[in-house]
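Please open the model in a viewer and keep the selection panel at hand. The stops below go from the whole chain to single residues.

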Amino acid sequence: MKLYLYNTLTRQKEEFVPRVPGKVGMYSCGPTVYWTPHIGNLRATFTADLLRNAFQLFGYEVTSVMNITDVGHLVGD
């Protein structure tokens, strides 16, 4: 079974081909939450998790890294 993803650069669905056969490395931006949390704060986390689960379902070994932004310097805002 092949996995197809939408490429926003070419605006086409393209077959996913990993750089290293059988392995996928993912980097995603985590939440940067300040002021009132909203559904948009959850979107990036949810999308990365959904994609990671899809890769695993297709049999790939996945290494996933997500940054967590510290906004502690904004205490005066």
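Accessible areas here come from the Shrake-Rupley method with a 1.4 Å probe, and for residues only the protein chains shown count as cover. On that basis, select everything: the accessible surface of the protein comes to about 6,500 Å², and carbon and sulfur atoms hold 59% of that. This is a predicted model, in which local features need pLDDT of at least 70 and side-chain atom pairs count only at pLDDT 80 or more, while totals for chains, interfaces and linings use all residues. Residues are numbered from 1 along each chain as its sequence is written, and side-chain values use heavy atoms, with hydrogens and water left out.

**Whole chain**

Switch to a cartoon view. The protein has one helix and four strands, arranged along the sequence as β-β-β-α-β. These elements are DSSP runs numbered from the N terminus (helices: H or I, at least four residues; strands: E, at least two).

Colour by relative accessible area next, with buried as under 20%, exposed as over 50% and partly exposed in between (1.4 Å probe, protein chains only). Of the 77 residues, 17% are buried. Among contacts between residues at least 6 apart in sequence, 62% join residues at least 24 apart.

**Salt bridges**

How many salt bridges does the structure hold? There are two, a salt bridge being a side-chain nitrogen of Lys or Arg within 4 Å of a carboxyl oxygen of Asp or Glu.

Select E15 and K2, whose side chains form one of them at 4.0 Å, N to O. E15 belongs to strand β2 (residues 12–15) and K2 to the segment before β1 (4–7), so the bridge ties together parts that are 13 residues apart in sequence. E15 is partly exposed at 39% relative accessible area, whereas K2 is exposed at 52%.

Move to D49 and R52, where the side chains meet at 2.3 Å, N to O. Both residues sit in helix α1 (residues 39–57), three residues apart, or about one turn of the helix. D49 has a relative accessible area of 32% and is partly exposed; R52, at 24%, is also partly exposed.

**Largest pocket**

Rolling a probe the size of a water molecule over the atoms shows where empty space is left. A pocket is an open set of points on a 1 Å grid over the protein atoms alone, where a 1.4 Å probe fits, with protein on both sides within 12 Å along at least five of seven lines; lining residues have an atom within 4 Å of a point. Its volume is the space filled by probe spheres set on the points, which are joined across faces, edges and corners.

The largest pocket has a volume of about 480 Å³. Select L5, Y6, F16, L51 and F55, the closest to its centre among the 18 lining residues. Elements giving two or more residues to the lining are β1, β2, β3 (23–29) and α1, and β3 gives the most, with six. By type, the lining has ten nonpolar, four polar and four charged residues (nonpolar: Ala, Val, Leu, Ile, Met, Phe, Trp, Tyr, Cys and Pro; charged: Asp, Glu, Lys and Arg; polar: the others, Gly among them).

**Two single residues**

Stay in strand β3 and select S28. Is S28 buried or exposed? S28 counts as buried, at 12% relative accessibility. Leaving out residues up to four places away in sequence, S28 touches A48, V65, M66 and N67.

Finish at K13 in strand β2. K13 is exposed, with a relative accessible area of 66%. Beyond its neighbours within four places in sequence, K13 contacts L5 and Y6. Draw a C-alpha to C-alpha distance from K13 to L3: the two are ten residues apart in sequence and 9.8 Å apart in space.

Terms used
Contact means heavy atoms within 4.5 Å.
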